[in-house]
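This note sets out, point by point, what may be read from the structure shown below. It is written for a reader who is new to such models.

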Amino acid sequence: MKKRRLVCAVVWLLLSALLLPALYVGTLADEAAADATDATDAKVIRTAAEFEALHGDGSYRLGNDIDFGGKVYDRYVVPASFWGTLDGGGYALLNFSVRATEEGAGIFNMEYETEADGTAKTDEEGNPIAAAHIYTVSNLTVGSEAHPISVSSTSNRLGVFAGYVADGSVLRFTSVTVYAEITAEGQQVGGFLGRTMPNRLLEQSLFSDCAFYGTVTGKGANVSGFVGYSANPIRFEKCLNAGDITSDTTNVAGYVGVTYGAKYCALEFVDCRNTGRISGLNCIGGFIGKGQYTARFSRSVNEGEIAASGTHVGGFVGYEKNTTDYLSGVTVSFDGCTNRGAVSSTSAGATIGGLMGSAYDSVRAVDSVNEGKVTGGTFVGGILGCFNPQQTSDSYKQNEVFTFTATKCRNTGELVINCTGSGSCGGILGATSWSGIRSVAVVDMCTVSGALRDESAEEKTTASRMGGIVGRFDKEVGELTIKNSIVSATIAGTAVDTVSGILGYTNATVNSDGSDTELPEETNPVVRRIENCLLLGQLTRGGSTEKTAAMATNYAGDGTLVNCFYLAGTAEKAEFGESGARAVTAEELSGGEIALLLGSAFGQKLGEETLPSVGGNPVLRNAAGTLYNQIHTHDLADSPFERFNSGSHTRECKICGEKVREAHRYGEMQDAGDGTHFRVCGDCGFETSHQAHTESYTDNGETHTAVCSVCKATRTEAHRWDENGVCVCGAKKAAVSEEEETTGTPSGEQETKPSHAPGIYLVIGDCYIPLAVVIVVSVVLLAAVVFLAVWLIIKRRKRI
Ligand SMILES: [Zn+2]
Ligand SMILES: [Zn+2]
Ligand SMILES: [Zn+2]
Ligand SMILES: [Zn+2]
């Protein structure tokens, strides 16, 4: 038995290797078949009564649209706890409404476990048992564009799917669209869910390809198009909030009104969009009203108007402050995000930003843009309104370095500040707030072209700080670096404002040795550095350029300017120490010289563009002193060819001086006259090594003719007889005379030609074996060896 198994195993292994790809295809086909079976196994729901009776788990699918006939539910549509898989099959739930007076209303009860009749289950002590489950809903529409469902409550926690989701639940919504008009007296109201609780398994909940259309109108806090109040980690991908969301109070957003629950409430948005109008009092954002843990945005867009009457207002996030003691590093990040919506507040004290209003933790923005007009308030920024890390009693924060970084970001939207006291307005960052905690802000490769204006009342007597990149860096303990950036925006302040092209104001106080006044230099260096920056926009202060600074005003702060430029006439002076920045003319700019001096982060298409830009085609200077673009078509005309190696020669580009490699341009094969041929590069004269002719022979009777198939060299010579009296041309010696035999011998120079047809051969001595024969023999030998080996193994096993 054992030997048989061994033989089987050997054969099986050989077959497996051969059949593996086929088997793989088979497995995929089986899986597809299994899916189909699952789908048909799902119980089909066709009526309102069947839908209302859902309970427990199991797999369900709608067989048609379900019309509830205008039925009004007072809390749940499905009163029993249901956590099965619901596949809408592309159908809709239509024509019903919810008029709740109790907390936690919605289609499903995701709060407590119940019996099938909806009676709450209790534990031994009589407490209700939380319905902690994985909820899966897909391919479903609720309501329709023409007839959105109506959902209302006089209480808290209201959502179309559930008002309250039990602690420990995971939510998975895929391709679900809701058309609803939602009104609530209370708080925690969402287009999908009112409130979620922490999911301590840290399994991310998911909304994928989901959309909310309609309105959510609240009187209380925490109101949004998806989840009013979330303590659950959620990933949103390819989702849309098109609903108008409004509340009389705080934490109002397109997706999540507020997050809460420390590390359980991380949010992620990928390819998501808000087009709804979001309005309320404080903490108002296109995606998140108030965040208390991490939020990461990728390739997402806000197009909705964000309108607040209070503070903390942003195109994406109104307010973020981490409330946990285990979080460090970047809290909110934007990657490839765009705000196009107008962001505004009617409050003179508002903190407001194109992407984000207030950040109390680290923020990173990369490749992100504000195009929307940002209006009103005290702290106004194109990307972030105020960076405000706080000294707290939390020990972990004592040593944390908080960062704000903006890389390759743009502000093209107008920024309008309208405040009563001393405000700040910056093209990228409105202000930082001093709090005795160390922070670092770096702005790199950013551009600001949207105008900055102070529209505060003319009689205003307190200065606002207007800066093309940063309005105010107001920290004694912190570092600010602004580099490789361009401000082409006009900046118009009132007669009392400080107006600067790059940094509006800083109050750093630095000791004579350069260290901070309060803390040791090695731990807390004070850095205010502006490097490789360019101002092109006109600065005015009460209508005049008087006391405007192209780079940074120098009221109380110290700082360094390195390699900066400004268009002459845009500002009265440069400031900081007045060295490191100089005025340049439009002619200098258009010639490309300044783009060159600014460095590799900048570009300017010479002869086409009159101004440098961030990115683009860098300007360089060649040995002759001429400027050229790094990306150009090499000019190789009239340049001498130089041999580089056997494969290529070089020519020198007249523009950049680079030796550009090109393949040799060979002419025809030439006969060297010595039995060999070669080729010559027509450009550089490089000659290839000589190769023996590849000749074929024609018997002419007395002589034969040899022709090289490569160079066509032709020669006629006497036959050369081998010992059998046969010539390479195939002629046979008729009558051999001693004389002929000797004279027929090839001359010393000529090689003996092989007596075989052209092709690939294995050569052993004088023996030429065709390749096909070699392969056949090898395969037969290999088979014999394998057979012998198997046979030996079997024989040995038999003996054992
Ligand atoms: Zn070149
Ligand atoms: Zn050549
Ligand atoms: Zn030849
Ligand atoms: Zn011959």
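Are H649 and H664 buried or exposed? The model is predicted, and in it H649 is buried, as is H664. The points below begin with the overall make-up of the protein and then return to these two residues.

1. Overall make-up. The protein has 800 residues, and buried residues account for 48% of them. Its secondary structure consists of seven helices and 79 strands. If one takes the contacts between residues at least 6 apart in sequence, 70% of them join residues at least 24 apart.

2. The zinc ion (ligand 2). The two histidines of the opening question belong to this site: the protein donors are H649 (ND1), H664 (ND1), C681 (SG) and C684 (SG), and they lie 2.0 to 2.2 Å from the zinc ion (ligand 2). Along the chain, these donors follow the spacing H-x14-H-x16-C-x2-C. H649 and H664 link distant parts of the chain, being 15 residues apart. H649 lies in strand β70 (residues 648–652), whereas H664 lies in the loop between β71 (659–663) and β72 (670–671).

3. Geometry at ligand 2. Which arrangement do the four donor atoms of the zinc ion (ligand 2) adopt? The site is tetrahedral, with angles of 100 to 121° among the four donor atoms. The reasoning rests on a cut-off: four donors count as tetrahedral if all angles lie between 85 and 135 degrees. For comparison, the ideal angle for four tetrahedral donors is 109.5 degrees.

4. The zinc ion (ligand 1). Here the protein donors are H632 (NE2), H634 (ND1), C653 (SG) and C656 (SG), at 2.0 to 2.4 Å from the zinc ion (ligand 1). Their spacing along the chain is H-x1-H-x18-C-x2-C. This site is tetrahedral as well, with angles of 103 to 125° among its four donor atoms. Both C653 and C656 are buried.

5. The parallel sheet. Eleven strands form an open sheet with parallel pairing, in the order β11-β14-β18-β23-β28-β33-β38-β43-β48-β53-β58. Its edge strands, β11 (162–165) and β58 (503–506), each pair on one side only. On average, neighbouring strands of this sheet are turned by 5° against each other, direction ignored.

6. Pairings within the parallel sheet. Strand β14 (residues 193–196) pairs with strand β18 (residues 227–230) in the parallel sense over three bridges, and T196 has S230 in β18 as its bridge partner.

7. The antiparallel sheet. Three strands form an open sheet in the order β75-β76-β77, with antiparallel pairing. The edge strands are β75 (695–699) and β77 (714–718), each of which pairs on one side only. Neighbouring strands of this sheet are turned by 25° against each other on average, direction ignored.

8. T705 in strand β76. Why does T705 count as buried? T705 is found in strand β76, and it counts as buried because its relative accessibility is 14%, where the cut-off for buried is under 20%. The side chain of T705 makes a polar contact with the side chain of T716, at 3.4 Å. Leaving aside neighbours within four places in sequence, the residues in contact with T705 include S696, Y697, T698 and N700, together with T714, R715 and T716.

9. Two residues with positive phi. N532 is not a glycine, yet its phi is positive, at about 55°. N532 is found in the loop between β59 (527–531) and β60 (534–535), and it is buried, with a relative accessible area of 14%. D638 is likewise not a glycine and has a positive phi of about 65°. D638 is found in the loop between β68 (627–629) and β69 (642–643). At 76% relative accessibility, D638 counts as exposed, since the cut-off for exposed is over 50%.

Methods
Residues numbered from 1 in each chain as written. Chains lettered and ligands numbered in written order. Predicted model: local features only at pLDDT ≥ 70, side-chain atom pairs only at ≥ 80, totals over all residues. Heavy atoms only, no water. Donors = N, O, S within 2.8 Å, 3.2 Å for Na, K, Ca; no water. Tetrahedral: all angles 85-135°; square planar, octahedral: opposite > 155°, others 65-115°. Buried < 20%, exposed > 50% of the residue type's maximum accessible area, 1.4 Å probe, protein only. Helix = DSSP H or I, 4+ residues; strand = E, 2+ residues; numbered from the N terminus. Pairing = 2+ DSSP bridges. Axes fitted to C-alpha atoms, helices over the stretch in contact; angles between N-to-C directions. Polar contact = N/O pair within 3.5 Å; in protein donor to acceptor, adjacent residues only side chain to side chain. Contact = heavy atoms within 4.5 Å.
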